[in-house]
Amino acid sequence: MDLAHLPPDLQEVARFHGHLCPGLLIGYRAAKAAARALDLGRSQDEELVAVVENDSCSVDAFQALLGTTFGKGNLKWQDHGKQVFTVTDRRQNRAVRVAFTGDALRPRRPDGSVDRQAFMEILLAAPDEQILKIQEKPPAPPEVARIEPSLTCARCGEAVQASKAVQKDGQPLCRPCAREARP
Ligand SMILES: [Zn+2]
Ligand SMILES: [Zn+2]
């Protein structure tokens, strides 16, 4: 697929992700649909929170397009293995849940394998209602910002967030050290 013929925002997403793939397109379509459902303009990413229910390529579209990033803490991962994304806009106090429903559209070759190229064409062209379920839902209550003290791991000497430290024989350990220290 020739990148130059794709919409500019999708080219940006593909550059961020490193390649164009079906998963990225699923995320792209879902992120665009969420933005449209919430009437989002540009550059309000501080007010957005995305909860993603998988840790695959699709998530990068949310990071690149909506500015909901792991580092800023406004991207939350739930390990459900589902192409489901919930975006909350704190400014408007609205949330939308977008689920990918286009799995059955994967074109199969005679040998049963998925034709990724053809699948990508479908993911680019299909109308939202064919590949997405979009529902507005009540927003989750805002999380209280947590500022936590650090402890020093008794084994490696590195600082570790207090709530992530493991107590062992009355001493705080970081999780990697606690695993290694296990008899
Ligand atoms: Zn990918
Ligand atoms: Zn340690």
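Visitor: In this predicted model, which residues is alanine 154 in contact with, leaving aside its neighbours within four places in sequence?
Guide: The model is a predicted one, and alanine 154 is found in the loop between β6 (150-152) and β7 (159-161). Once the neighbours within four places in sequence are set aside, the contacts of alanine 154 are with Gln171, Pro172 and Leu173.

Visitor: Is alanine 154 buried, partly exposed or exposed?
Guide: A residue counts as buried if 20 or more other C-beta atoms lie within 10 Å of its own, and as exposed if 12 or fewer do. Alanine 154 has 17 other C-beta atoms within 10 Å, and therefore it is partly exposed.

Visitor: What distance separates the C-alpha atoms of alanine 154 and threonine 69?
Guide: Along the chain, alanine 154 and threonine 69 are 85 residues apart.

Visitor: Which element gives the most residues to the largest nonpolar core?
Guide: The largest nonpolar core has 34 residues, and those with the most contacts inside it are Ala30, Ala31, Ala34 and Phe62. Two or more residues come from each of α1 (8-17), α2 (22-37), β1 (48-52), α3 (58-66), β3 (84-89) and β4 (94-100). With 10 residues, the element that gives the most to this core is α2.

Visitor: How many residues are in the second, separate core?
Guide: Apart from the core to which α2 gives the most, there is a second one, whose members include Cys153, Ala165, Leu173 and Cys174. The number of residues in this separate core is 5.

Visitor: Which residues does phenylalanine 62 touch, not counting those up to four places away in sequence?
Guide: Phe62 is among the residues with the most contacts inside the largest nonpolar core, and in α3 it is one of the buried residues. Not counting residues up to four places away in sequence, phenylalanine 62 touches Gly27, Ala31, Ala50, Val52, Thr68, Leu75 and Phe85.

Visitor: What covers the buried residues of α3?
Guide: α3 is mostly covered, with 9 of its 9 residues buried, among them Ser58, Asp60 and Gln63 as well as Val59 and Leu66. Just after this helix, glycine 67 takes a positive phi of about 70°. What covers the buried residues of α3 includes α1, α2, β1, β2 (75-77) and β3.

Visitor: Why are α1 and α3 described as oblique to each other?
Guide: The axes of α1 and α3 come within 9 Å and cross at roughly 120°. Angles of 65 to 115 degrees count as roughly perpendicular and those over 145 as roughly antiparallel, and the two helices are therefore oblique to each other.

Visitor: How many residues of the contact of α1 with α3 are charged?
Guide: α1 passes α3 in a right-handed crossing. The contact is made by Asp9, Glu12, Val13, Phe16 and His17 of α1, together with Asp60, Ala61, Gln63, Ala64 and Leu65 of α3. These residues divide into 5 nonpolar and 2 polar, while the number that are charged is 3.

Visitor: Is aspartate 39 buried or exposed?
Guide: Aspartate 39 is found in the loop between α2 and β1, and it has a positive phi of about 50° although it is not a glycine. Because 9 other C-beta atoms lie within 10 Å, aspartate 39 is exposed.

Visitor: Where does aspartate 169 lie?
Guide: Phi of aspartate 169 is near 50°, a positive value in a residue other than glycine. With 7 C-beta neighbours inside 10 Å, aspartate 169 counts as exposed. Aspartate 169 lies in the loop between β8 (166-168) and β9 (171-173).

Definitions and conventions:
Residues numbered from 1 in each chain as written. Chains lettered and ligands numbered in written order. Predicted model: local features only at pLDDT ≥ 70, side-chain atom pairs only at ≥ 80, totals over all residues. Core = buried A, V, L, I, M, F, W, Y, C linked by C-beta atoms within 7 Å. Helix = DSSP H or I, 4+ residues; strand = E, 2+ residues; numbered from the N terminus. Contact = placed C-beta atoms within 7 Å. Axes fitted to C-alpha atoms, helices over the stretch in contact; angles between N-to-C directions. Parallel < 35°, antiparallel > 145°, perpendicular 65-115°, else oblique. Left-handed = near helix turned anticlockwise from the far one by under 90°. Nonpolar A, V, L, I, M, F, W, Y, C, P; charged D, E, K, R; others polar.
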